[in-house]
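Please try each task on the structure before reading its solution.

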Amino acid sequence: MKKILKYGIVALGALAGCSQDAANAARQVETAKGKVAVIYYSWSPEGNTRFAAETIAKKAGADIFALQPVTPYSSDFETCCKEAKPECRGKLARPVKPVEGLDLAKYDVVFFGTPNWWGTLAPPLRTFITENLAALKGKSVALFQTHGGGGMQSLGKDFADLFGDTATVLPPKALGGSSIRSSTKALEEFVTSRISLK
Ligand SMILES: Cc1cc2nc3c(=O)[nH]c(=O)nc-3n(C[C@H](O)[C@H](O)[C@H](O)COP(=O)(O)O)c2cc1C
């Protein structure tokens, strides 16, 4: 409960996320195995977003890449929240290490994963996208996020805003972090509703 109050979560945010998903559920692009990548950031020891990323990658036959900040956040929850808050609110950068083996030119579709931090994208993902906008131009991109009860909050909009009209932004997906390990079906449906593999 303490965590829930801490994030300033409103039920309306979660509801908005659900209806947004439902309204956009039909939007899908055609692609091929080998043309899909999953790029994600995950912070907690539980690895909720990592689990989602691995499940999505398996279903999509995708290559998978984890982002790591050059300067890691504290492993202590309260301290990490304090470190992340001004970065999230100010949309500040948190530089990430070069991603070994990643060549964005190989992919048509990129799924991006992040925990919901302070109602928006975790800064390492925001930073990676911002720094690679030119390489992502013309691709189809889709956001998935895991959260602690807040639902979509601003993540779908903030993600789409990063790309403007430079990429095809597919509908985002929000998943509860605490139940992610029993959400395999929802994760697989997310993949099959966003891409059709030739
Ligand atoms: C710094 C920080 C800020 C968070 N802010 C929110 C939030 O605003 N809304 C929410 O629902 N959950 C919030 N959470 C909870 C995480 O989004 C959730 O636990 C997520 O599933 C963790 O993913 P991970 O295991 O991949 O790190 C926050 C967690 C941290 C560490």
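**Exercise 1. Determine how many bridges join β2 to β3, and in which sense these strands run.**

Solution. Helices (H or I, at least four residues) and strands (E, at least two) are taken as DSSP runs, numbered from the N terminus, and two strands pair if DSSP finds at least two bridges between them. Between β2 and strand β3 (residues 63-66) there are four bridges, and the two run parallel. As an example, Ala37 has Asp63 in β3 as its bridge partner. To get from β2 to β3 the chain passes through α3, and this β-α-β crossover is right-handed, a term that applies if, with the strands pointing away from the viewer, the path from the first strand over the helix to the second runs clockwise.

Before going on, note that this is a predicted model, in which local features need pLDDT of at least 70 and side-chain atom pairs count only at pLDDT 80 or more, while totals for chains, interfaces and linings use all residues. Residues are numbered from 1 along each chain as its sequence is written.

**Exercise 2. Find which strand β2 joins through five bridges, and decide whether the faces of β2 are covered or open.**

Solution. The strand is β4, which runs parallel to β2, with Val38 standing opposite Phe111 in β4. For the second part, a residue counts as buried if 20 or more other C-beta atoms lie within 10 Å of its own, exposed if 12 or fewer, and partly exposed in between, with C-beta atoms placed from the backbone. Val36, Val38 and Tyr40 on one side of β2, and Ala37 and Ile39 on the other, are all buried, and both faces are therefore covered. Since five of the five residues of β2 are buried, this strand is largely enclosed by the rest of the structure.

**Exercise 3. Follow the pairing onward from β4 to β6, and name the strands that pair with β6 over two and over four bridges.**

Solution. Seven bridges join β4 to β6 in a parallel arrangement, and Phe112 stands opposite Leu143 in β6. Over two bridges β6 pairs in the parallel sense with strand β7 (residues 168-169), where Val169 is the bridge partner of Val141.

**Exercise 4. Identify the residues that touch the most other members of the largest nonpolar core.**

Solution. A nonpolar core is a set of buried Ala, Val, Leu, Ile, Met, Phe, Trp, Tyr and Cys residues joined through C-beta atoms within 7 Å. The largest one has 48 residues, of which Val38, Ile56, Val110 and Phe112 touch the most other members. Its largest share, six residues, comes from α3. With neighbours within four places in sequence left aside, Ile56 is in contact (C-beta atoms, placed from the backbone, within 7 Å) with Val38, Phe111, Phe144, Leu187, Phe190 and Val191.

**Exercise 5. State how many residues surround the ligand, and which element gives the largest share of the shell.**

Solution. The elements giving two or more residues are α3 (48-60), α4 (77-89), β4 (109-117) and β6 (140-147). The largest share, four residues, comes from α4.

Notes:
Contact = placed C-beta atoms within 7 Å.
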